[in-house]
Protein chains: 2
Amino acid sequence: MATENISSASLPVRTTKQSIIHPLAPISANEIEGAVAIIKFQWPTDTDLHFKAITLQEPAKAEAVPYIEAEFHGADLPHIDRRVFCTYYLRQTDKFHEAVVNLTTQALEYNVRLGPNQHAPLDGQEILEFEKIAIEDPKVQEELKELQLPEGSSDGVDDDRRMLQAFLYMRDPANAGEADSNHYALPLSISPVICTDTKEVIRIDHLPTGKDSTVTGPRLWQQRPANEYIPELQELRTGLKPLNVVQPEGASFSITEQGTSNVVEWQKWQFRVGFNQREGMVIYDCRYDGRNLFYRMALSDMNIPYADPRQPFLRKSAFDLGDAGAGIMANDLKLGCDCLGSIHYLSATLADDKGNPLDMPNVVCIHEQDGGIGWKHTNFRTGRAAVVRNRELVVQSIITVANYEYIMAFMFNQAGEVGYEVRATGILSTQPIDDGVEVPWGTVVHPGVLATHHQHIFSLRVDPMIDGYENRLVYDEALPMPRSDFNPHGTGYYTQETVVETSGGYDLDFDKNRTFKIQNSAVKNPINGKPVAYKIHAPAFQKMLADTESFNYKRAEFADKNIYAVKYRDDELYAGGKYTNQSRGGSGVRSWAARKDSIVDEDLVLFLQFGINHIPRIEDFPIMPCEIIKISMKPVNFFERNPAIDVPPSTQAFNKSVQLSEQHRQGTVEGDVNGSGDVCCTTTSSKL
Amino acid sequence: MATENISSASLPVRTTKQSIIHPLAPISANEIEGAVAIIKFQWPTDTDLHFKAITLQEPAKAEAVPYIEAEFHGADLPHIDRRVFCTYYLRQTDKFHEAVVNLTTQALEYNVRLGPNQHAPLDGQEILEFEKIAIEDPKVQEELKELQLPEGSSDGVDDDRRMLQAFLYMRDPANAGEADSNHYALPLSISPVICTDTKEVIRIDHLPTGKDSTVTGPRLWQQRPANEYIPELQELRTGLKPLNVVQPEGASFSITEQGTSNVVEWQKWQFRVGFNQREGMVIYDCRYDGRNLFYRMALSDMNIPYADPRQPFLRKSAFDLGDAGAGIMANDLKLGCDCLGSIHYLSATLADDKGNPLDMPNVVCIHEQDGGIGWKHTNFRTGRAAVVRNRELVVQSIITVANYEYIMAFMFNQAGEVGYEVRATGILSTQPIDDGVEVPWGTVVHPGVLATHHQHIFSLRVDPMIDGYENRLVYDEALPMPRSDFNPHGTGYYTQETVVETSGGYDLDFDKNRTFKIQNSAVKNPINGKPVAYKIHAPAFQKMLADTESFNYKRAEFADKNIYAVKYRDDELYAGGKYTNQSRGGSGVRSWAARKDSIVDEDLVLFLQFGINHIPRIEDFPIMPCEIIKISMKPVNFFERNPAIDVPPSTQAFNKSVQLSEQHRQGTVEGDVNGSGDVCCTTTSSKL
C-alpha cells in the first residue's frame with residue numbers, strides 16, 4: 001500500500017508568490033468582505049441585506065484574452081480591475097438588487113433594483129425557514145391532525161423552487177427517531193403554499209391521488225410499508241472483496257495554487273479550475289501540448305420538467321443551477337467514498353445570506369483513473385502486440401439538489417479528448433397515489449407512491465479557442481452516392497461539410513451521421529491540409545416535450561435543440577437566462593441565437609444539450625442506480641497522428657496485475673516481465 | 001501488493017467430477033479427434049481433407065432447456081446426444097462439405113456437399129499461403145521490379161476476404177529488417193488477384209490513385225516517410241506514474257470448471273461461458289439471484305463496408321465473423337497488458353485445417369472493475385450521505401482481424417444490468433493516393449496514404465428467458481398530451497406501450513424516446529402489477545449506406561435496422577447467414593424475420609445492431625485510439641426496488657484511497673476511518 005506521505009510528497013503543489021490576483025481566480029474571503037462592506041455602505045446602517053450570490057464578475061474577454069496569452073508566453077501582464085458581482089434583497093421584502101463592485105477602485109460601479117419577474121434562487125436559510133413555516137402553520141397542523149398520523153412521524157418539506165409549494169412527507173412511524181428515514185416513500189396529500197414576502201401559508205392544496213384531477217380532502221392515514229436506503233436498515237449482500245487503486249509513486253498530475261484558483265498540469269494538458277455559486281466548477285484556458293483548445297467550459301444550465309398535467313404539479317419544473325446553484329449545493333467529498341486512488345481535493349469560498357464568507361471544503365476532487373485499453377494492434381505475422389492503456393484525469397463535483405444527486409466530471413485523456421460525464425442518481429420526487437390506480441405519466445414505485453415521468457435536460461457551455469480565438473462551427477454528413485458509372489454497385493458514399501453561417505439552434509441527424517465540428521479555418525493540418533478541428537460526440541435524446549406555447553418551453557431556452565451556437569458576448573453564460581426562478585423566458589440562449597449574428601470565423605460559443613427522459617422504473621427507488629450520460633470532444637485533423645502513440649506500452653512490470661488460479665497457461669507472472677514493452681509482444685496472439 | 005499466491009488461493013476453482021459432458025460445453029480435443037476420424041472414414045484413405053470449422057453442434061433448444069432447468073433445480077438430468085458440426089473441403093478443390101457427427105452414437109448423421117455460392121471463410125494457413133503466391137508470382141515480381149523498390153522492403157499482403165484481392169504494401173526501406181514496421185503507411189498500387197482453386201495469380205490490378213477511376217500503370221517508387229507504432233521507434237512521453245488495481249483478498253467471483261466450459265458466479269449472477277471458432281465467447285444460461293434472464297448471448301455478426309466506389313475497392317466489405325471467425329482470431333491475452341487487477345483466463349480448443357486440435361490459450365479474461373459511483377444520496381437536513389460503488393464483472397475477448405482490432409466485453413453489474421461493449425482499434429485499411437489529391441470518400445492520414453470511410457455494423461444475438469422462455473417485445477414511447485382542460489399548460493406527457501406482433505426489423509426513434517423492452521406478460525411485479533421486463537439501451541448509429549439493390553445491402557441482412565426480432569429456430573445464429581464469404585444474401589436474419597411469425601409470448605430471439613460510421617481522422621493513424629460503443633440491458637419493474645440497494649456502503653476502510661497534499665481539509669485519512677459506513681456520512685455535505 002502506498003502511504004499518504006509518499007503520495008503527498010509526490011504531488012508537487014506549488015504556491016506562486018505572485019502578488020497580483022489572477023483575473024479568473026474566484027473571489028476570496030477578503031474580497032467578499034470588501035465587496036459587502038462597499039454595498040452596505042450605500043444603505044442606512046440598520047438595513048438588513050439578504051445576499052443571494054456574491055461571485056467573481058469575470059473580466060470582459062477582450063481584457064482576459066490578452067492577459068492569459070501574455071501569461072502563457074511569459075510576457076508582461078496587463079492590469080485588469082478586480083470586480084465582484086452581487087445579488088441581494090432588502091430582507092423580508094421583494095426588493096431584489098444586482099450590484100457590481102470594483103475592488104481595484106473600491107467603487108460600487110453598478111447597483112440597481114431589478115424589475116418584476118426577476119427572482120433570486122432559494123438559499124439554504126430560506127428552505128429551512130419555509131419548512132418550519134409549512135409545518136408549524138396552524139391550518140396545516142389542523143389538517144395533519146385529521147390524518148391521525150402516529151406521533152413523531154411528520155417530516156419536513158421538499159422544496160419546489162418555483163412556487164414554494166411545499167410537499168409534505170412523513171417518516172416511517174416504526175422508525176420515527178431516524179432522521180435519515182426515507183420520507184419520500186411516505187408522501188402526504190396536503191400541500192401548503194407559502195408566500196415568500198409575508199412568509200405565510202396562503203393556501204393549502206390537496207393533491208389529486210387518483211387517475212384524474214379529482215381532489216379528495218384529507219383522509220385517515222393508512223399504514224404503509226417503509227422503503228429505507230441507509231445501510232444499517234438493509235440486509236447487505238456479502239462476498240464483495242476489496243478493490244483498491246494504488247498509485248505507489250503518487251499521481252501523475254501537478255497542481256499550482258494561485259490564490260483561490262488552481263492550475264492543473266497532466267500529460268500535456270494544462271488548465272485552470274475555478275468554482276462559483278451557480279455553475280460550480282469551471283475549466284478555464286484549457287490547452288494541450290501548448291496549443292489553445294478551450295477558453296472556458298462549465299455546465300450552464302439544467303431543466304427538469306415533470307409530466308403530470310394536474311394542479312399543482314403542472315408547475316413542477318426545476319432549474320437546479322439557476323434556482324439553487326451547482327456550487328452552493330456541492331457535496332463535501334469524502335476520501336474513499338466518492339473516488340478511488342490518489343485524490344486531490346479543491347475547496348472553495350462562497351458566501352452566506354448575510355454576506356459572510358462560507359467555507360466549502362472538498363467541493364472538487366481531481367484524480368486519475370484507468371480507462372481501459374487506449375489502443376492495441378497485433379501483427380498477426382509476427383504475433384507481436386503493441387498495446388497502451390487509456391489513463392484519464394477526472395475533475396469531479398457532486399451536487400445534491402433536495403432529492404436528486406448529480407455527479408459531474410470533466411475527463412481528459414492522452415489522445416487529446418475531453419469528456420463531460422453526468423451521472424444522475426438520488427431519490428425520485430414522489431407523490432401519493434391511491435391503491436390500484438395506474439397513470440400513464442408516472443410509475444408506482446412503492447405502495448401508495450407515484451414517481452412522475454420527467455426530463456433531465458442539461459446544457460454545457462463551451463467557449464472554444466481551437467488554435468486561436470476565431471473558430472467556426474461546421475458539420476459533416478455521410479451521404480450515399482447516386483448510382484452511376486462511377487458508382488456502379490451503389491456502394492459508394494461520401495462526406496459533405498456544411499458551414500453554419502449564423503447563430504441559432506441546430507440538431508443532430510444520426511441517419512446522416514451528422515457530426516458537428518469546431519474548426520479553425522486559418523490553421524491547416526500540415527499533412528492533409530484540412531483545417532484543424534475538434535468534433536462533438538453527443539448522445540441522442542428526446543427534446544422538451546412540453547408544447548412551444550408552454551411556460552416550460554419558453555423558460556428552458558436550450559431544451560429544444562442539440563446545439564445552440566452564438567457569437568460571444570460578455571455576461572451570456574446561462575442558457576436559461578440569469579434568473580430562472582419563475583422566469584418568463586426571453587433572456588436565454590434561444591434569444592441570443594435569434595440575433596442571427598454571423599458566427600463564421602468569429603468568437604464562437606456553443607451550448608451543448610444532452611439529457612434523459614426519465615420514465616421511472618421500480619428499480620429507481622428508493623435510490624436510483626446511476627444513469628450515465630457522456631459527451632466528448634475529439635480532435636479531427638488537429639494533430640499529425642494519434643497523439644497517444646507516444647504513451648508508454650502497457651506492461652506487467654508497470655501494471656502489476658495478478659493471475660488467478662493455475663489455469664493460466666502463459667507461465668508465471670515473473671516469467672512475463674522483462675522490463676520492456678516486449679512482455680505483451682512475445683507470442684503469436686492469433687492463430688491466423 | 002497482493003501476491004499471486006493469496007489471490008490464486010482466493011479464487012475457488014472447482015472442477016466438477018461429473019462423468020457426463022455438459023450439452024453446452026465446447027467440444028474437447030478428444031471430441032475433435034473422434035469426429036474427424038468418423039468423417040475421414042467416409043473417404044478413401046489418401047483423401048486430403050481441408051477442415052474449415054469443427055465446433056459444437058448445439059442441442060436443439062427443446063432438448064437443452066429441460067436439461068438446464070433440471071440442472072438448476074437439482075433434478076435428474078435428461079440425456080442429450082453429443083454432436084459436432086464440421087465444414088471441410090476436399091483440399092485443392094472447390095468441393096465444400098458440411099457434416100454433423102453424433103459422438104454418442106458414433107454416427108455421421110449428415111454429410112453433404114454444399115451448392116454454388118457457399119464458400120468457407122479463409123483460415124490462417126491459406127492467408128500465409130496466398131501471401132506467398134502473391135509475392136512470388138513472376139508477373140508480380142516483374143511489376144514490382146518496375147517500381148525499383150529498395151532491397152528487402154517488400155512486405156506481405158493484406159487479405160480482402162471476399163475477393164482474395166491482394167493489396168501490397170512495403171516496409172520502410174530505412175527499417176527493412178523490422179518485421180513490425182508499419183507497412184500500412186506504405187501502400188503500393190499493384191494488386192494481384194488470386195484464384196483459390198488453382199492458387200494462381202489470375203490478374204494484376206492497378207489501383208486508382210487519383211480523384212477518379214483513372215488507373216496509371218506502375219510508377220517509380222518515391223521515397224515516403226514511415227509512420228511506425230512500435231514503442232522503441234517513438235519518443236515516449238514521460239511522467240505517467242503507475243496505477244495498480246490491487247485486490248488483496250482476491251476476486252469476488254468463482255469459477256466452476258465443467259470440462260471445456262466454465263460456470264461463473266458473482267454477486268447474485270450465474271452464467272456459463274462457451275467459446276467457438278465463429279462467435280468466440282458465448283454466454284449461456286444467465287441468471288440473476290436465481291431468476292432466468294438470458295438463455296444465450298453472443299456477437300452474431302459484423303459487417304465493414306467501404307465507401308470507395310471504384311474498382312476494385314467497391315468489393316471491399318468484410319464480415320469478420322463469417323469470413324474469418326471471432327474465436328479463431330482471438331488474442332492470447334497477456335497478464336498486465338490487457339487488463340488490470342486480479343485476472344482469471346479461460347483457454348479454448350479449436351481445430352486447425354488438418355482437423356487437429358488447436359490450443360487457444362487465454363482467449364477470454366474475467367476480472368472485476370470499479371465502475372464509479374453506483375448510487376448516492378445525501379440528506380441535506382442531516383448531511384448524511386449514503387453511497388455505494390458500482391462493481392462490474394468483465395468477460396472480455398480481443399480479436400485481431402488483419403489490420404483491425406476489436407475488444408469485446410460482456411459487463412455485469414450489481415444493479416442487475418448487462419452491458420456489451422465493443423472497442424474498435426487497430427490500423428486503418430489504407431490505399432495509395434497521389435500527392436495533393438483529396439477525395440470525399442476518404443481521408444489522407446499520411447503522405448500518399450488514403451484511409452477510406454467505412455462502416456462498422458455489429459449484431460449482438462440475444463436469446464432471452466426473462467422469468468421464463470416465453471417473452472414478448474414491446475416498446476414504450478413518450479408522447480406529448482394534447483392541450484385540454486386536463487392539460488391546461490401543455491406540459492403533460494405520457495408513455496404508451498406497443499406490442500410488436502410479428503417477426504421483423506424495427507427501429508429506434510429518439511424523438512419519441514422509443515425504448516424496446518423484453519417482457520414476460522405472465523409475470524407481474526408484485527408491487528405495481530406491471531409485467532417484468534428488461535429494456536434495451538442502444539446508441540443511435542447510421543444504418544447501411546449502400547443502396548438496397550447493392551450486394552453490400554443484400555448480404556448484410558442485419559445492417560438496416562436497429563433491432564431484428566424473430567421466433568426461435570434451431571441453427572439460426574448468424575445474422576448474415578451461415579456462409580458470408582461471397583454470400584448472395586437471403587440466408588440471414590432479414591429473411592427469417594420475413595416469415596412474419598407471431599412473436600407475442602413466444603420463444604423470442606433478438607438481434608441488436610449498433611455501430612459507427614468511421615470517417616477517418618489523421619488521429620486514427622498509425623493506430624486508432626479506441627472508439628467505444630456500448631449497449632446495455634436493464635431491468636424494468638423486474639425487481640421490487642433498486643437491486644443494488646443492498647451493496648455495502650463505500651467506505652475508506654474498504655477502499656483505502658490516498659489523500660494528496662495538505663490542502664485537504666477533512667483531516668487525516670485515519671481520522672476518517674471508523675470502520676463503519678459512517679465515514680461518508682458525518683458532515684453536512686451541502687451548504688443548503
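User: How many residues does the contact take from chain A and from chain B?
Analyst: This is a predicted model. Residues belong to the contact when heavy atoms lie within 4.5 Å. By that rule, the number is 214 residues from chain A and 214 residues from chain B.

User: What area is buried between the two chains, and what share do carbon and sulfur atoms give?
Analyst: The size of an interface is often given as the accessible area lost when the parts come together. In chain A, A:Arg237, A:Tyr493 and A:Leu660 lose the most area to chain B, together 5% of what that side buries. For chain A and chain B, the buried area is about 18700 Å², and carbon and sulfur atoms give 54% of it.

User: Which element gives the largest share of the side of chain A that touches chain B?
Analyst: The interface holds 122 residue pairs in polar contact, both residues at pLDDT 80 or more. On the chain A side, one strand gives 17 residues, the largest share. That strand is E18(A).

User: Is A:Asn362 buried or exposed, and what is its relative accessible area?
Analyst: A:Asn362 lies in strand E18 of chain A. Its side chain makes a polar contact of 3.2 Å with that of A:Asp332. Buried means under 20% relative accessible area. A:Asn362 is therefore buried, at 0%.

User: In the open sheet of 11 strands, which strands stand at the edges?
Analyst: The order is E27(A)-E26(A)-E29(A)-E30(A)-E33(A)-E21(A)-E20(A)-E19(A)-E18(A)-E17(A)-E34(B), with mixed pairing. Each edge strand has a single partner strand, so one side of each is left without a neighbour in the sheet. These edge strands are E27 (493-499) of chain A and E34 (658-659) of chain B.

User: Which helix packs on this sheet, and what angle does its direction make with that of E17(A)?
Analyst: Helix H2 (residues 29-40) of chain A packs there. H2 touches strand E17 (342-351) and strand E18 (357-379) of chain A. Its direction makes an angle with that of E17(A) of about 10°.

User: What is the bridge partner of A:Ile536 in E33(A)?
Analyst: Strand E30 (residues 531-537) and strand E33 (residues 624-636) of chain A pair in the antiparallel sense over 5 bridges. In E33(A), the partner of A:Ile536 is A:Met633.

User: In the open sheet of 4 strands in chain A, what is the average twist from one strand to the next?
Analyst: The order is E2-E3-E4-E5, and the pairing is antiparallel. Strand E2 (49-56) and strand E5 (107-113) are the edge strands, each pairing on one side only. From one strand to the next, the twist averages 20°.

User: Is B:Tyr568 buried or exposed, and what is its relative accessible area?
Analyst: B:Tyr568 is found in the loop between strand E31 (563-567) and helix H8 (589-593) of chain B. It touches residues including B:Lys61, B:Arg461 and B:Asp603. The cut-off for buried is under 20%. B:Tyr568 is therefore buried, at 18%.

Notes:
Residues are numbered from 1 along each chain as its sequence is written. Chains are lettered from A and ligands numbered from 1 in the order in which they are written. This is a predicted model: local features need pLDDT of at least 70, side-chain atom pairs count only at pLDDT 80 or more; totals for chains, interfaces and linings use all residues. Side-chain values use heavy atoms; hydrogens and water are left out. Two strands pair if DSSP finds at least two bridges between them. Helices (H or I, at least four residues) and strands (E, at least two) are DSSP runs, numbered from the N terminus. Axes are lines fitted to C-alpha atoms, for helices over the stretch in contact, and angles run from 0 to 180 degrees between N-to-C directions. Buried means under 20% relative accessible area, exposed over 50%, partly exposed in between (1.4 Å probe, protein chains only). Buried area is the accessible area (1.4 Å probe) that two parts lose on being put together, summed over both. A polar contact is a pair of N or O atoms within 3.5 Å; within protein, one must be able to donate a hydrogen and the other to accept it, and residues adjacent in sequence count only if both atoms are side-chain atoms. Lists of a residue's contacts leave out its neighbours within four places in sequence.
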